[in-house]
Structure formats: C-alpha cells, structure tokens
Amino acid sequence: VNINANIAIHDWDKDISREELLARLANLKRRTGQSLPILDDDDLEAAIEEAADRFTTE
Amino acid sequence: MAIRQALYRVLVEAFARSGVRWDEAYHEDRGDGLLMLLPPDVPKHLMAAAIPKELAALLHEYNHTNGPQTRIRLRLAIHAGEIRHDEHGVVGASLNLAFRLLDSIEAKNTLARSSAELALIVSDWFYEEVVRFDPASASTAYQPVTVHVRGTEASAWIRLFPDPQPSAQPTSDHNPRQVPDHGNEPHTEADADDFDKFYLANFRFIRNIVNARAQDWTLAEDVTDEAMTIAYRKWDELRGHPNPTGFIVVTARRILSRIQRQRARNHPLPIEAALELKAVGPDPADTAVNRTALEQALRTLPTDQRECFILHHILDHPIRRIAELLNLPERTVKTRLRAARQTLRDLLNEDLGEEGPK
C-alpha cells in the first residue's frame, strides 16, 4: 500500500473559527464564575474527577 | 455603516471576553445605539466590571487602529430591575430610568469634556448594591452625580474609560463600607487577559492532541475545555509555569482516561474489526482506500502509540516537543513511535521505514 500521510492530515487537525473559540471561552468563564481556585493537588484531583463525572453522568 | 458594524463587533467580543453569551441577551437596535437586557442569572458584577472594561479596551484598540473620522465614543448606562415584555417590546420603570441616565446632560457633558472613549453611568441602586462590593468594579473610580431628565431627578454614578485618575484611592467618607475579601476569585482581571490570549492561541493545538487519543472531535473539544477550565482556576500559578500547555495536555489526558475507563465499565466496546481495505496504485480510488486503511490501522493502535504517531508523523511535532507536552522522556516517545510503525507495518503489509510513512 502506497500511503501518503499528508492526505490524512485534515482528519487530525480540524479548523475552528474565532467565533466558536470566543463562544467556548465565554461559556468556560461563565461556568467557572462560582468555582473556587485550585490551590493544591487535592483540589486538582477533585477537579479532574468532577470534570470526568460530568461526561459519564450526563 | 462601518462604525455601526465596528460597534457591534466590539460589543460581541467584549461580551465573549467577559464570559457573557451575546445570544442570551435581549437586543433592540436603536440606530446609533443598542438596548440590551440580560437575564437575571448573569452575575451583575460582570456588567459592572468585566463588560465595561473589555468594551473600553476594544474601543481603544479600534480607535487606535482607525482614523479620527471613524472614532467611536460611547455612553453606557446600567441599571437593574423588573421588565415586562408585551407585543410591542419591553417596558418598565427601570428601563425608563436607564434611558434617562443615558440621555442625561450630565453623562453627555462628562464624556464631551474629557478625552475618554467610554462613559459609564450606573444608577444609585446598582452602584450601592453591585459596584461598591465588587473590587473589580473599582468603585472609587466613580463620581456621584445628580441627573435631571424630563423634570425628574435621580442620583447616579459616572465613570470614564480610560480612567483619568487610575490611582485614586478610596477616602473614608467616599466608600465607608468594608470591601469584602475577594480571595476566592480564581484570578485578577489582568490575569484573565493573559488567559484569554492563551486560550485563543492554544485551544486548537491542545484539542488536536486530545483527539489523537479520543478519536472523537466533540469529546476532544469538551475535554480540552474542561482542562482549560481547570487551568483558568489555577491561572495565578500557571501563568508563571514553564510549560502551561504541557500541564493542560496532561490534565486533559487524565480527564479523558477517566471518562474512557468509566465508559468501558458501563458499556464494554466490541473488539475492533480487523482491517478490510487494502489497495495499490496511484488511482484516486486507491488513494481513498489507502486513506481509509490508514485510518483504520491508526484506530487499532494502542492509544499511547497512536497519540505519538499522529503528533509526530501527521501533525509534524518534533519528538522533543511531544515529550514536553506529554510529560514523558524522549526515549519513551521514540519507543512508542517505533512500536506504532511496527504495528502499522504489520497491519498494512507495508515497509514504512524508520521515518514513518511520509
């Protein structure tokens, strides 16, 4: 098989518009508005766990 | 027309930077202005601090870039209260007050007599209940005024951007109430500026790395946002970090791993189908088949190998950079690349060579 990897690059690097980025950024800040800062490793572990849970409990 | 478009552009971006979604606000175009109503769940301190600040920064940027003939100077009035919607639009005494503040001679003169680009006038209620208690709103930058419009008189507070007295300190009688400790804020406003730039510059890059593992653009984008959210909450520390991108990539990978483990427990995946497509020759149909075969082969790689292979051989990142991003020794990255090439070689029955398939 004569594979040219360049033909597949778009499958792994998709464009994203500035408008979508700004909307995502706005949403991120909105969600973070009431959150406490992460100050230590325990906070970080808890934040990672909460983030993962949001995907699996939806 | 150009000024009008520019005005909307800076407003939309100011809202986005402030963390308020433009499309959740009610808008009424007023020709040379705009009425906006924000729902009650939008934190009021954003209206007092982030939105005017971002709006002023964007106006300044626009005015600096464009000539004096297209210069924009704005008056912005803010009040909060009850509004009723009917078939003709929106009504309410609070709305009337906001318009009276906006059209007051005091607001117009304050802006006209200054070189400022934005005059913000807020009602006395809004100042006392929101501005005064929010350190980010810089309550001492406001001056009290009594406005007179259509025979009515109301107390209000005016602030200019840029602030003509940025270092003004509160006096004992000007701001008598204790300012609460804002230690729970994730970061300062200055930090937020840095984060915005970082986010806009790095989101796509980090999402690509996550997708190399997830093979799911939606999941990759959402996981990247979760990792970025964590970064935002510890930005005070990360902004001085030697490799903040690497931290976020590792955080995203950890979130993704947890998700995948939990999903695998709940819904075990079927064993991956064997490769079915192979083709030879320069024919376009063969090329398409080859591409599909490569994609399928990549999907069968162990996640760690696929991640390194895509980052290096497809997205063209140097091994050293991949090692930094994934917090791995370079030799581990090389080992994974070697293993990925060997696996692909076996799957595709092709000699990919030491440098990969390029």
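The model is a prediction in which local features need pLDDT of at least 70 and side-chain atom pairs count only at pLDDT 80 or more, while totals for chains, interfaces and linings use all residues. Residues are numbered from 1 along each chain as its sequence is written, chains are lettered from A and ligands numbered from 1 in the order in which they are written, and side-chain values use heavy atoms, with hydrogens and water left out.

Colleague: What percentage of the residues of chain A count as buried?

Modeller: Chain A holds two helices and zero strands, where helices (H or I, at least four residues) and strands (E, at least two) are DSSP runs numbered from the N terminus. Among the buried residues of helix 1 of chain A are A:Leu21, A:Leu25 and A:Leu28, buried meaning under 20% relative accessible area, exposed over 50% and partly exposed in between (1.4 Å probe, protein chains only). Of the 58 residues of chain A, the share that counts as buried is 40%.

Colleague: Why is strand 6 of chain B largely enclosed by the rest of the structure?

Modeller: B:Leu118, B:Leu120 and B:Val122 point one way from strand 6 of chain B, whereas B:Ala119, B:Ile121 and B:Ser123 point the other way, and all are buried. Strand 6 of chain B, residues 118-123, is therefore largely enclosed, the buried count being six of the six residues.

Colleague: Which residue in strand 8 of chain B is the bridge partner of B:Ile121?

Modeller: Strand 6 of chain B pairs in the parallel sense with strand 3 of chain B over five bridges, two strands being paired if DSSP finds at least two bridges between them. With strand 8 of chain B, residues 152-161, strand 6 of chain B pairs in the antiparallel sense over six bridges. In strand 8 of chain B, the partner of B:Ile121 is B:Ile158.

Colleague: Which helix of chain B gives the most to the lining of the largest pocket?

Modeller: The largest pocket has a volume of about 1400 Å³, and of the 42 residues that line it, the closest to its centre are B:Leu34, B:Leu35, B:Met36, B:Leu76 and B:Ala77. A pocket here is an open set of points on a 1 Å grid over the protein atoms alone, where a 1.4 Å probe fits, with protein on both sides within 12 Å along at least five of seven lines, and lining residues have an atom within 4 Å of a point. Elements that each supply at least two lining residues include helix 1, strand 2 and strand 3 of chain B. The most, six residues, comes from helix 3 of chain B.

Colleague: Where in chain B does B:Asn327 lie, and is B:Asn327 buried or exposed?

Modeller: Most residues other than glycine have a negative phi, and most peptide bonds are trans. B:Asn327 has a positive phi of about 60 degrees although it is not a glycine, and its place is the loop between helix 12 and helix 13 of chain B. At 62% relative accessibility, B:Asn327 counts as exposed.

Colleague: Which residue is joined to B:Phe161 by a cis peptide bond?

Modeller: The bond has an omega of about -10 degrees.

Definitions and conventions. Grid points are joined across faces, edges and corners, and a volume is the space filled by probe spheres set on the points.
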